[in-house]
Amino acid sequence: MTSISIIFNSQQVQLEAGTSLREFISAQIGKELDADSKAVDGSKLGVAAAVNGAVIPRSSWNSKALEDGHSIELVTAAQGG
């Protein structure tokens, strides 16, 4: 297994090379995501993802391969004001 090192929410993480952003987010939030990056159970995700400071549209999560040195930020929406 070849691994890569990324920074996730300011923490260094080791991943298998070739991991997609969808696969990574699915593992982080504990929900299975389909090829369109929607929750298989139909629930709302309420998260946004940025790679190297650029927000990645959910429709691109499946095709975005993570690479060594990438910085990933995962933001969860919260109610309130």
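Me: What share of the contacts in the chain with a separation of 6 or more comes from residues 24 or more positions apart?

Reply: A contact means heavy atoms within 4.5 Å. Residues 24 or more positions apart account for 47% of the contacts with a separation of 6 or more. This is a predicted model, in which local features need pLDDT of at least 70, side-chain atom pairs count only at pLDDT 80 or more, and totals for chains, interfaces and linings use all residues. Residues are numbered from 1 along each chain as its sequence is written, and side-chain values use heavy atoms, with hydrogens and water left out.

Me: In what order do the elements of the chain run?

Reply: Helices (H or I, at least four residues) and strands (E, at least two) are DSSP runs, numbered from the N terminus. Here the order is β-β-α-β-β-β.

Me: Which residues have the most contacts inside the largest nonpolar core?

Reply: In soluble globular proteins, nonpolar side chains tend to be buried together. A nonpolar core is a set of buried (under 20% relative accessible area, 1.4 Å probe, protein chains only) Ala, Val, Leu, Ile, Met, Phe, Trp, Tyr and Cys residues joined through side-chain atoms within 4.5 Å. The largest has 18 residues, and those with the most contacts inside it are Ile6, Leu21, Phe24, Ile25, Trp61, Leu66 and Ile72. At least two core residues come from each of β1 (3–8), α1 (21–29), β3 (47–51) and β5 (71–76).

Me: Is Ser5 buried or exposed?

Reply: Ser5, in strand β1, has 15% relative accessibility and therefore counts as buried. Among the residues that Ser5 touches are Gln14, Glu67 and His70.

How values were computed:
Buried means under 20% relative accessible area, exposed over 50%, partly exposed in between (1.4 Å probe, protein chains only). Lists of a residue's contacts leave out its neighbours within four places in sequence.
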